Amino acid sequence: MGDHQNHRILMVSDFFYPNFGGVESHIYYLSQCLLKLGHKVVVATHVYGNRSGIRYMTGGLKVYYVPWRPFFMQNTLPTMYGLLPIIRTILIRERITMVHGHQAFSTFCHEALVHARTMGYKVVFTDHSLYGFADIGSIHMNKVLQFTLADLSQAICVSHTSKENTVLRSGLPPEKVFVIPNAVDTAMFKPADERPSIEEIVIVVISRLVYRKGADLLVEVIPEVCRLHPNVRFVIGGDGAKRVRLEEMREKHSLQDRVEMLGAVPHDQVRSVLISGHIFLNSSLTEAFCIAILEAASCGLLTVSTRVGGVPEVLPEDMIVLAEPDPSAMVQAIGKGISMLPEIDPQVMHKRMRELYNWHDVAKRTEIVYDHALKCYNQNLLERLSRYLSCGSWAGKLFCLVMIVGFLLWRLLELWQPADEIEEVPDVILPDNHHEDMLQPMR
């Protein structure tokens with residue numbers, strides 16, 4: 001462990017396996033690498049289907065699937081105090097010293113961080129997304145984020161663009177925010193032994209088919225690319241509200257033989273889809289950091305992407321073609337990408353990705369954030385309330401009221417069920433060889 005001390009970390013978010021996505025992968029791989037570094041890591045999330053209670057995953061990763069049903073888009077219903085008893089029990093049972101929340105629109109994360117600070121725990125928050133400032137939803141979310149992060153120990157963002165966005169939205173001091181990019185499991189995402197022929201160029205899209213991911217942009221781009229390049233075929237993996245529009249586009253332009261719709265693609269089958277193509281197309285309208293781009297590049301695909309958010313920070317210029325989120329600009333970028341294909345060597349690209357991004361480096365950098373968080377001054381209730389008062393003329397008073405009620409409920413729980421009456425669970429000690437394949441894909 002060197003100069004780093006052992007931490008006992010609780011990861012909290014609404015988004016975790018068996019659901020698949022960038023946040024879910026980030027929590028899983030980071031947790032596995034932290035376990036290998038000698039830390040204790042526990043994950044708490046809401047119930048998924050019939051997956052409830054305590055489960056163990058690869059490497060001895062313990063997961064609490066709290067019996068709290070998702071309400072909207074995999075988020076639990078906001079209750080403010082409903083999670084307090086069970087979060088308190090988990091923190092005491094596992095002897096947690098650090099609570100790490102993920103994703104700004106996870107209500108489970110927000111409530112757990114607030115309760116952890118009420119009980120005096122150090123908390124770290126990782127923001128995985130970008131938000132605006134003008135629409136109703138963003139204004140509401142930014143106020144919630146300001147409330148949750150008013151008493152934060154440290155924060156992590158996945159790109160410098162994301163850091164600027166988070167600091168502006170939450171009012172956090174910039175010196176409290178670290179930038180640690182995502183990574184990719186290069187052992188899982190590797191090129192095919194033999195590269196597909198470039199006589200027929202396959203452009204792969206793997207994304208949620210929703211507005212934010214640029215599905216409407218694809219509807220305008222694909223027919224024009226097919227018209228200009230007769231040897232191009234599209235493979236689209238993913239599902240969402242905009243899938244109907246893409247299917248209508250395919251019917252309207254008679255592109256059934258050139259646009260293949262796969263539907264939702266399980267994570268363990270993403271590589272097999274990627275290695276069938278030459279170019280990966282990302283049409284997102286907003287993106288803090290796109291893990292899908294890393295996975296595609298690790299498989300040896302050239303990326304064509306919209307120039308939004310933190311995407312320009314992800315790959316070197318010779319591995320990605322960027323364009324403004326405009327149909328004509330995207331069509332030109334795809335044309336440029338096609339002309340670059342003869343120069344692309346998938347094996348060389350994979351080797352470069354292995355050197356640029358790995359989860360063990362991310363874990364070591366996250367250790368440093370935890371060390372900084374533990375050194376933060378632990379304020380008393382009155383000092384904490386003064387920080388909430390600064391959140392706005394009326395919102396500040398409301399936040400203070402919420403925190404006072406939460407503090408009183410916590411003290412009531414301490415009287416009703418003292419901490420020394422809650423049984424602490426023994427740690428699971430695994431042999432070192434159990435970590436050797438811990439970063440293998442989840443099934």
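# A friendly note on this predicted model

1. **Gln-347 and its neighbours.** Apart from residues within four places in sequence, Gln-347 has contacts with Pro-191 and Ala-192, where contact means heavy atoms within 4.5 Å. The C-alpha atoms of Gln-347 and Ala-192 are 8.8 Å apart in space, although the two residues are 155 residues apart in sequence. Gln-347 belongs to helix α11 (residues 346–356). Helices (H or I, at least four residues) and strands (E, at least two) are DSSP runs, numbered from the N terminus. With a relative accessible area of 43%, Gln-347 is partly exposed. On this scale buried means under 20% relative accessible area, exposed means over 50%, and partly exposed is in between (1.4 Å probe, protein chains only).

2. **How to read the values.** This is a predicted model, in which local features need pLDDT of at least 70 and side-chain atom pairs count only at pLDDT 80 or more, while totals for chains, interfaces and linings use all residues. Residues are numbered from 1 along each chain as its sequence is written, and side-chain values use heavy atoms, with hydrogens and water left out.

3. **The nonpolar cores.** In soluble globular proteins, nonpolar side chains tend to be buried together. Here the largest nonpolar core has 98 residues, and Phe-16, Ile-222 and Leu-274 have the most contacts inside it. A nonpolar core is a set of buried Ala, Val, Leu, Ile, Met, Phe, Trp, Tyr and Cys residues joined through side-chain atoms within 4.5 Å. Helix α1 (residues 22–36) gives the largest share of this core, eight residues. There is also a second, separate core of 37 residues, with Ile-92, Val-99, Met-119 and Ile-422 among them.

4. **A look around Leu-274.** Which residues does Leu-274 touch, not counting residues up to four places away in sequence? They are Phe-189, Val-204, Ile-206, Phe-280, Glu-295, Ala-296, Cys-299 and Leu-301.

5. **Aromatic rings.** A pair of aromatic rings is described by the distance of the centres and the angle of the planes. Rings of Phe, Tyr and Trp (its six-membered ring) pair if their centres lie within 6.5 Å; planes under 30 degrees apart count as stacked, over 60 as edge-to-face and the rest as tilted. By this rule there are eleven aromatic pairs. Tyr-28 and Tyr-29 are edge-to-face because their planes are at 70°, with the ring centres 5.3 Å apart. Tyr-28 is buried at 0% relative accessible area, and Tyr-29 is buried at 3%. Ring pairs also link Phe-16, Tyr-17, Tyr-28, Tyr-29 and Trp-359 into a cluster.

6. **His-26 in helix α1.** Helix α1 also holds His-26, which is buried at 3% relative accessibility. Leaving out neighbours within four places in sequence, His-26 is in contact with His-102, Thr-126, His-128, Asn-182 and Trp-359.

7. **Salt bridges across the chain.** How many salt bridges are there? The count is 21, with a salt bridge being a side-chain nitrogen of Lys or Arg within 4 Å of a carboxyl oxygen of Asp or Glu. One of them joins Arg-8 and Asp-427 at 2.8 Å, N to O. This pair links distant parts of the chain, 419 residues apart: Arg-8 is in strand β1 (residues 8–12) and Asp-427 is in the segment after α14 (395–416). Arg-8 is buried at 17% relative accessibility, whereas Asp-427 is partly exposed at 30%.

8. Glu-94 is buried at 0% relative accessibility, and Lys-40 is buried at 15%. Salt bridges that share partners join Arg-8, Lys-40, Lys-62, Glu-94, Arg-95, Glu-424 and Asp-427 into one network.

9. **A buried charge without a salt bridge.** Glu-367 sits in helix α12 (residues 359–374). Glu-367 is buried yet has no salt bridge, and the nearest side chain of opposite charge, Lys-364, is 7.4 Å away. For charge, Lys and Arg count as positive and Asp and Glu as negative, while His and the chain ends are not counted. The side chain of Glu-367 does have a polar contact of 2.7 Å with the side chain of His-39. A polar contact is a pair of N or O atoms within 3.5 Å; within protein, one must be able to donate a hydrogen and the other to accept it, and residues adjacent in sequence count only if both atoms are side-chain atoms.
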